[in-house]
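Let's take a walk through a protein model, looking at how its side chains pair up. Keep the viewer open and click along as we go.

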Amino acid sequence: MPRFGHIGSVIGAFVLILPACQTTVGLDETLIPLEELRSGKAIFGEQVSSAERADIDILATDDAMREFVAGLGDGPLDSARFRGLMERMRSGGYALSGYDPYANLSARDAFAEKRGNCLTYTSLFIAFARELGFEASYQLVDVPPDYDSVNGMVVLNKHVNARVDHIPGRGSVTVEFSEEFASGIHDRRIVDDTFALASHYNNLAFSDDMAGDERGAFVYLKKAIDLTPRNPDLWTNLGVFHARRGHFDYAISGYRRALDLDAYHGAAMRGLANAYGALGRDDKARFYQRRVAYSRARDAYTYYTLAQRAYLAERPTESLELLSEAIRLYRRDHRFYRLQGEIHDRLGDTVAANESFKRARGVAREEVDRARRRSLEEHHPRAKVYRRREILLF
């Protein structure tokens with residue numbers, strides 16, 4: 001589920017551990033009122049209405065979808081009926097065979113086009129499940145940071161899956177559309193349909209902005225904020241939208257609103273450092289730069305991302321040093337050791353490479369063991385993989 005990119009950083013990437021009193025820098029300044037920030041006047045010269053783009057029902061079904069699950073609705077609401085839905089989606093080609101991280105579609109469009117990202121496929125499954133009478137919900141998964149670079153912006157991709165409750169004989173079951181996250185080791189929490197719809201609008205804003213439709217992007221972002229006004233990611237994205245067009249005072253207002261909602265929102269602090277720097281307010285810029293640096297120095301996944309980039313840029317020695325820092329900070333992700341093995345192999349150190357690959361396998365087994373313990377605690381059946389990158393159930 002891609003999130004809106006922003007200047008020099010990503011949405012919600014870093015967790016900072018600093019005294020809360022340090023967030024008080026600059027509270028005496030006059031900020032752009034939030035309603036003016038959301039009006040669009042600074043960019044478009046007029047009030048922009050959320051109604052300029054039609055509302056979307058991402059879970060709506062149509063006759064073709066209802067026909068697709070026809071027959072599955074007969075009989076008791078049991079695990080066999082649930083399994084029948086899973087099998088019908090798999091055999092019908094609705095199991096990530098057309099995965100596209102930037103295809104932001106409703107359930108109805110996903111059914112017609114057989115493509116989409118994790119939010120799209122999850123919406124499609126939930127629409128089918130509810131059509132059959134199951135109690136299905138979205139889950140936001142706390143996965144390791146996954147970065148992408150799009151048109152000069154760094155984007156943080158987040159992940160959702162589905163949860164179905166009260167299946168007779170099964171209890172609660174999570175439906176996962178990505179083999180990468182099939183272990184179930186990552187924490188997850190139920191989010192409501194409003195959160196999912198706001199995320200969909202946010203993704204459409206990103207897509208429109210990348211396509212050059214800045215008014216459409218603004219409208220969709222505004223619609224997302226209308227739905228979930230206490231989501232700091234969205235206010236940060238609104239700050240990004242203004243900053244990319246040179247309206248740094250407006251950007252600061254968006255970032256500061258994000259910090260009001262989450263005092264440790266790393267992306268907002270990076271945005272503030274950039275915006276204050278662009279305006280020549282060096283003291284404030286340096287303050288937020290220090291906060292970002294403090295976070296980076298303590299975030300294993302920052303080092304891991306930098307190590308990946310150095311590796312791809314043919315700088316294996318630098319990559320290895322960065323990866324060592326990542327492992328020092330966090331030793332429980334097998335990907336760190338796998339990349340370490342690849343780097344050693346490139347440098348010609350076969351012994352070190354083999355040791356790293358061995359460690360990667362060991363950590364991966366530990367991850368699976370933790371997932372199994374979680375499965376027992378939550379009464380989830382163990383994962384069953386139909387085939388690579390298709391529906392996974394655990």
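This is a predicted model: local features need pLDDT of at least 70, side-chain atom pairs count only at pLDDT 80 or more; totals for chains, interfaces and linings use all residues.

Start with charge. Side chains of opposite charge can pair when their charged atoms come close. How many salt bridges does the structure hold? The count is 23, and we'll look at a few of them.

First up is aspartate 193, which forms a salt bridge with arginine 130, with 2.7 Å between the closest N and O atoms. This pair links distant parts of the chain: aspartate 193 sits in helix 7 (residues 193-210) and arginine 130 in helix 6 (residues 118-131), 63 residues apart. Is aspartate 193 buried or partly exposed? Its relative accessibility is 31%, so aspartate 193 counts as partly exposed. Arginine 130 is partly exposed too, with a relative accessible area of 33%.

Stay on helix 7 and find aspartate 209. Its salt-bridge partner is arginine 245, and the closest N and O atoms are 2.6 Å apart. Again the pair links distant parts of the chain, since arginine 245 lies in the loop between helix 9 (232-243) and helix 10 (248-261), 36 residues from aspartate 209. Aspartate 209 has a relative accessible area of 8%, so this residue is buried, while arginine 245 is partly exposed at 23% relative accessibility. Arginine 245 also lies over the face of phenylalanine 241, at 3.8 Å from the ring centre. Elsewhere, arginine 215 lies over the face of phenylalanine 44, at 5.3 Å from the ring centre.

Now for a pair within one helix. Aspartate 283 and arginine 286 meet in a salt bridge, with 2.5 Å from N to O. Both are in helix 12 (residues 282-297), and because they are three residues apart, about one helical turn separates them. Aspartate 283 counts as exposed at 58% relative accessibility, and arginine 286 is partly exposed at 41%.

Next, a polar residue tucked out of view. Glutamine 139 lies in strand 1 (residues 135-150) and is buried, at 1% relative accessibility. What does its side chain make a polar contact with? The partner is the side chain of threonine 174, at 3.3 Å. Leaving aside residues up to four places away in sequence, glutamine 139 touches a list of residues including His159, Asn161, Arg188 and Val191.

On to the rings. The structure holds 19 aromatic pairs. In one of them, phenylalanine 82 and phenylalanine 134 have ring centres 5.8 Å apart and planes at 75°, so the pair is edge-to-face. Phenylalanine 82 is in helix 4 (residues 79-91) and phenylalanine 134 in the loop between helix 6 and strand 1, 52 residues apart. Both phenylalanines are buried. For comparison, tyrosine 304 and phenylalanine 336 have centres 4.8 Å apart and planes at 35°, so that pair is tilted. Because tyrosine 304 lies in helix 13 (residues 300-312) and phenylalanine 336 in helix 15 (residues 334-346), the pair ties together parts 32 residues apart in sequence. Tyrosine 304 is buried at 7% relative accessibility, and phenylalanine 336 is buried at 0%.

To finish, step back to phenylalanine 82: ring pairs link Phe82, Tyr121, Phe125, Phe134 and Phe177 into a cluster.

Note on methods:
Residues are numbered from 1 along each chain as its sequence is written. Side-chain values use heavy atoms; hydrogens and water are left out. A salt bridge is a side-chain nitrogen of Lys or Arg within 4 Å of a carboxyl oxygen of Asp or Glu. Helices (H or I, at least four residues) and strands (E, at least two) are DSSP runs, numbered from the N terminus. Buried means under 20% relative accessible area, exposed over 50%, partly exposed in between (1.4 Å probe, protein chains only). A polar contact is a pair of N or O atoms within 3.5 Å; within protein, one must be able to donate a hydrogen and the other to accept it, and residues adjacent in sequence count only if both atoms are side-chain atoms. Contact means heavy atoms within 4.5 Å. Rings of Phe, Tyr and Trp (its six-membered ring) pair if their centres lie within 6.5 Å; planes under 30 degrees apart count as stacked, over 60 as edge-to-face and the rest as tilted. A charge sits over a ring if NZ of Lys or CZ of Arg is within 6 Å of the ring centre and within 35 degrees of the ring normal.
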